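Dear colleague,

Please find the structure below, handed over for your review.

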Amino acid sequence: MPFIIGILHNPLFIAPALSWCIAQITKTIIYVIINHEFRAERIFGAGGMPSSHSATTCALVAATACVYGSSGFELPMAFFFAFIVMYDAMGVRRETGEQAKVLNEMIADWRQRGKQLTSLEPMAYFKEFVGHTPLQVFFGAVLGVAVGLITCHCLGVI
């Protein structure tokens with residue numbers, strides 16, 4: 001039981017977890033508003049506005065700054081971890097999503113023309129929500145920092 005209580009009072013755990021939850025719920029709501037349909041995959045899926053990658057890692061950065069300050073090794077580790085995750089979300093992961101869109105369009109076109117796709121049948125649909133635009137990453141980062149600071153304030157760290 002002391003382990004669970006420790007986690008529930010640890011801003012380095014609570015802030016990123018809460019930030020991830022808020023980002024995922026927000027992106028699901030935004031998806032419903034824009035597309036007028038609910039997709040359960042959006043609750044746990046990657047991609048979309050705001051970036052849960054950014055929100056989670058930036059909440060960790062903010063909480064780390066509050067708990068350890070700026071003079072130790074903890075803040076630079078958290079900061080560069082966040083930087084790499086956000087860079088990857090905007091780069092490789094985003095390009096993967098863009099390629100998936102093109103492949104899905106090609107497959108739909110081939111099927112419409114009646115062509116056989118035996119080698120691609122197991123992969124009937126590629127996930128398009130994989131990465132993030134710079135704007136999605138930015139708003140995820142803002143959300144993460146805000147949640148991190150609020151969490152630290154509520155837990156009495158600052």
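Predicted model: local features only at pLDDT ≥ 70, side-chain atom pairs only at ≥ 80, totals over all residues.

Residues are numbered from 1 along each chain as its sequence is written, and side-chain values use heavy atoms, with hydrogens and water left out.

Helices are DSSP runs (H or I, at least four residues), numbered from the N terminus. Helix 4 has 17 residues and should span 24 Å at 1.5 Å a residue, which agrees with the 24 Å between its end C-alpha atoms; the expected span is 1.5 Å times one less than the number of residues. At its start, a side-chain oxygen of S51 comes to within 3.3 Å of the backbone nitrogen of H53. After helix 4 comes G69, with a positive phi near 75°.

The buried residues of helix 4 include A55, C58, V61, A62 and C66, buried being under 20% relative accessible area, exposed over 50% and partly exposed in between (1.4 Å probe, protein chains only). The buried residues of this helix pack against helix 2 (11-35), helix 5 and helix 7. In helix 5 (residues 74-90) lies D88, which counts as partly exposed because its relative accessible area is 32%. The C-alpha atoms of D88 and H53 are separated by 9.6 Å, although the two residues are 35 apart along the chain.

V67 belongs to helix 4 and is partly exposed, at 35% relative accessibility.

Yours sincerely

How values were computed
Helix = DSSP H or I, 4+ residues; strand = E, 2+ residues; numbered from the N terminus. Contact = heavy atoms within 4.5 Å. Polar contact = N/O pair within 3.5 Å; in protein donor to acceptor, adjacent residues only side chain to side chain.
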